[in-house]
Amino acid sequence: MFTRALLILLLALPTAAPTPALPQPVWPLDLDTRYLTSNFMERRPGRYHAGLDFKTDSRTGFIVRAVEDGYVSRVRAEAGAYGRAVYVRGASGRTTVYAHLERFSDRIRERVEADRARSGTYRVRLELRPGELEVRAGETLGLSGQSGTEGPHLHFEVRDVGQRPLDPLAWGFAVTDTF
């Protein structure tokens, strides 16, 4: 009797719809090797490192790609800090940050040059709305560089909807430790 009642109760409960799986993200750096020079939450003077630094073999100019569909939400260009940086709000709701770029893609560079012409300064801080500058997963955002820093690499971050840093290693950007 108890087993039958339990079975009826279980069958009467609504079943949860399966959560759709997010597509596998595109790797952000067009480089055959995958090495880190800095990890997420590494201690820095007065702060913690909010992303991963991908090694670029002490060279600049590797293609940097959007990891998912979305839109460019912010663009920064300044002498220090992240140097040239692109922020993409993805379809997942997360924001990915690509910093220390050598150059922006042509579509982004046009916006930057227009802002510089308007303001008369090098420093650019663009805030863009959804639909203004959409990107597809795998689309080129720029080239890796060393703007705002001393050595060539790609600084890459994943942020949640509230712009809090998330560990990129937990979001599909793990690098195999071979040492």
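Hi everyone. Let's begin with a term: a residue is buried when its relative accessible area is under 20%, exposed when it is over 50%, and partly exposed in between, using a 1.4 Å probe and protein chains only. Asp-53, at 6% relative accessibility, therefore counts as buried.

A word on the model: it is predicted, so local features need pLDDT of at least 70 and side-chain atom pairs pLDDT 80 or more, while totals for chains, interfaces and linings use all residues. Residues are numbered from 1 along each chain as its sequence is written, and side-chain values use heavy atoms, without hydrogens and water.

Now, the aromatic rings. A pair of rings is described by the distance of the centres and the angle of the planes. Rings of Phe, Tyr and Trp (its six-membered ring) pair if their centres lie within 6.5 Å; planes under 30 degrees apart are stacked, over 60 edge-to-face, and the rest tilted.

How many aromatic pairs does the structure hold? There are five. In one of them, Trp-27 and Phe-173 have ring centres 6.0 Å apart and planes at 50°, so this pair is tilted. Trp-27 lies in the loop between helix H1 (2–12) and strand E1 (36–38), and Phe-173 in the segment after strand E14 (165–166), 146 residues apart. Helices (H or I, at least four residues) and strands (E, at least two) are DSSP runs, numbered from the N terminus. Both Trp-27 and Phe-173 are buried.

Next, Tyr-98 and Phe-156: their centres are 5.5 Å apart with planes at 55°, so they are tilted. Tyr-98 and Phe-156 are buried too. Together, Trp-27, Phe-54, Tyr-98, Phe-156 and Phe-173 form one aromatic cluster.
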